[in-house]
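Please look at the sequence and the structure below before reading on. The report is written for someone who has not seen them before.

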There are 2 protein chains.
Amino acid sequence: MRIGELSRRSGVAVPTIKYYLREGLLAPGAPTAANQADYDEEHLRRLRLVRALVDVGGVSVAATREVVEALSGTGLDLITLFGIVHEAVMPRRRTEADTAARARAEEFVAGRGWHVHPESSSLDLLADALAALEALEVTTMLDNLDTYATLAQELAAAEVGSVLGKPDDAQRLELVVLGTVLGERLFSALRLLAHQHESAVQLAQGRRATNPVS
Amino acid sequence: MRIGELSRRSGVAVPTIKYYLREGLLAPGAPTAANQADYDEEHLRRLRLVRALVDVGGVSVAATREVVEALSGTGLDLITLFGIVHEAVMPRRRTEADTAARARAEEFVAGRGWHVHPESSSLDLLADALAALEALEVTTMLDNLDTYATLAQELAAAEVGSVLGKPDDAQRLELVVLGTVLGERLFSALRLLAHQHESAVQLAQGRRATNPVS
């Protein structure tokens with residue numbers, strides 16, 4: 001298909017597609033004439049993936065390029081791919097995590113029996129969150145740390161299980177990318193909606209408990 | 001205390017504190033002399049809260065101001081506060097969510113029996129994620145929607161329970177703010193770490209299943 005049809009079918013404007021081509025987020029089409037190229041279903045799918053990462057996931061163009069390059073690589077094992085995707089989509093940190101908080105994060109993860117790469121940015125992210133909670137003395141949330149970890153592990157187990165259920169490598173790779181980014185958005189939206197519902201439910205229960213119907 | 005001590009105790013540079021004062025993120029200190037003011041423990045705590053939102057939560061200065069103003073308000077009920085905090089910390093959307101996806105999001109939430117505000121931005125966030133998954137035909141994740149929702153509700157129930165366990169309004173309000181923002185960061189970091197662990201575990205199980213020890 002021509003670039004106009006690619007635009008129509010993906011809903012992405014032609015100048016944006018050209019920008020993605022220049023930035024290497026999309027492979028060039030097969031040249032058919034001067035200034036014309038032919039695009040196929042693979043381009044359409046890749047374009048939708050880029051769109052999902054940039055628009056819904058809020059991933060930067062530079063980070064999206066890293067992910068797309070990883071997807072085009074061959075012979076990548078799943079754990080390496082998870083690592084690349086995680087580092088790419090992680091918010092960039094301005095400073096190193098506090099050493100004490102970082103040690104506490106590593107200790108917590110080891111205490112759960114989790115085996116993780118010692119240089120994961122996720123450990124810094126965890127350290128930052130712990131340091132902020134400690135500075136503010138939000139002991140309630142520190143007490144709930146195991147609840148957070150247990151639920152995170154249940155979710156991760158389901159997500160990894162879905163990835164491994166895919167028959168071929170290309171589908172697994174795509175699901176790692178989309179699952180990491182869109183799964184986070186999905187869970188985040190559902191958690192905020194559930195807050196609303198649970199506040200209403202638990203407040204009503206509290207009222208019933210203190211004001212029994214006579 | 002003087003601004004210098006406030007800076008030393010919070011780890012926030014004096015020019016940054018002055019910027020927060022100008023932007024209304026921090027209440028002015030009590031004037032003691034020309035160009036001098038006195039700050040108390042309440043200022044220190046509020047400064048740490050602002051820091052946690054901006055640095056760890058990645059919340060914008062404008063959105064942080066909205067949250068701080070809500071915290072200073074009186075007589076706010078919990079559900080309203082959750083609403084203000086959610087709208088403030090939510091990533092700003094460039095466009096309206098697709099109508100069909102939005103209807104699907106509302107239908108899903110209603111199907112779970114959740115009562116939520118019909119104008120919640122979280123519904124748009126959910127609609128965006130669903131629309132991206134549908135466009136890419138990532139049926140695996142759509143099939144897992146109930147798993148996401150069940151775990152999100154368990155987490156939200158624990159978080160709301162902690163908030164309601166606090167004895168006074170000021171503590172509840174602070175926990176809603178920190179819990180919403182830092183809780184998301186905490187969960188997000190733990191999920192990514194759990195992905196690493198679960199990939200290793202499930203791949204090893206898969207290998208054992210296909211290559212039984214003879």
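What follows describes how the two chains meet and how they are related.

The model is a predicted one, and its chain A and chain B bury about 7700 Å² between them, with 72% of that area on carbon and sulfur atoms. The contact draws 80 residues from chain A and 80 residues from chain B. The table sets out the classes of the residues on the side of chain A that touches chain B.

| Class, side of chain A that touches chain B | Residues |
|---|---|
| Nonpolar | 47 residues |
| Polar | 21 residues |

Several helices of chain A each supply at least two residues of the side that touches chain B, among them H3 (41–56), H7 (121–135) and H9 (145–164). Helix H10 of chain A gives the largest share of that side, namely 25 residues.

Chain A can be laid on chain B with an RMSD of 0.0 Å by a turn of 180° and a shift of 0.0 Å along the axis, which is the relation of a two-fold axis. Within chain A, the C-alpha nearest this axis belongs to A:Leu151, at 3.2 Å from it. Both copies use the same surface, since 100% of the contact residues of chain A recur in chain B.

Notes:
Residues are numbered from 1 along each chain as its sequence is written. Chains are lettered from A and ligands numbered from 1 in the order in which they are written. This is a predicted model: local features need pLDDT of at least 70, side-chain atom pairs count only at pLDDT 80 or more; totals for chains, interfaces and linings use all residues. Side-chain values use heavy atoms; hydrogens and water are left out. Contact means heavy atoms within 4.5 Å. Buried area is the accessible area (1.4 Å probe) that two parts lose on being put together, summed over both. Helices (H or I, at least four residues) and strands (E, at least two) are DSSP runs, numbered from the N terminus. Ala, Val, Leu, Ile, Met, Phe, Trp, Tyr, Cys and Pro count as nonpolar, Asp, Glu, Lys and Arg as charged, and the others, Gly among them, as polar. Copies are superposed by least squares on the C-alpha atoms of residues with pLDDT of at least 70 in both.
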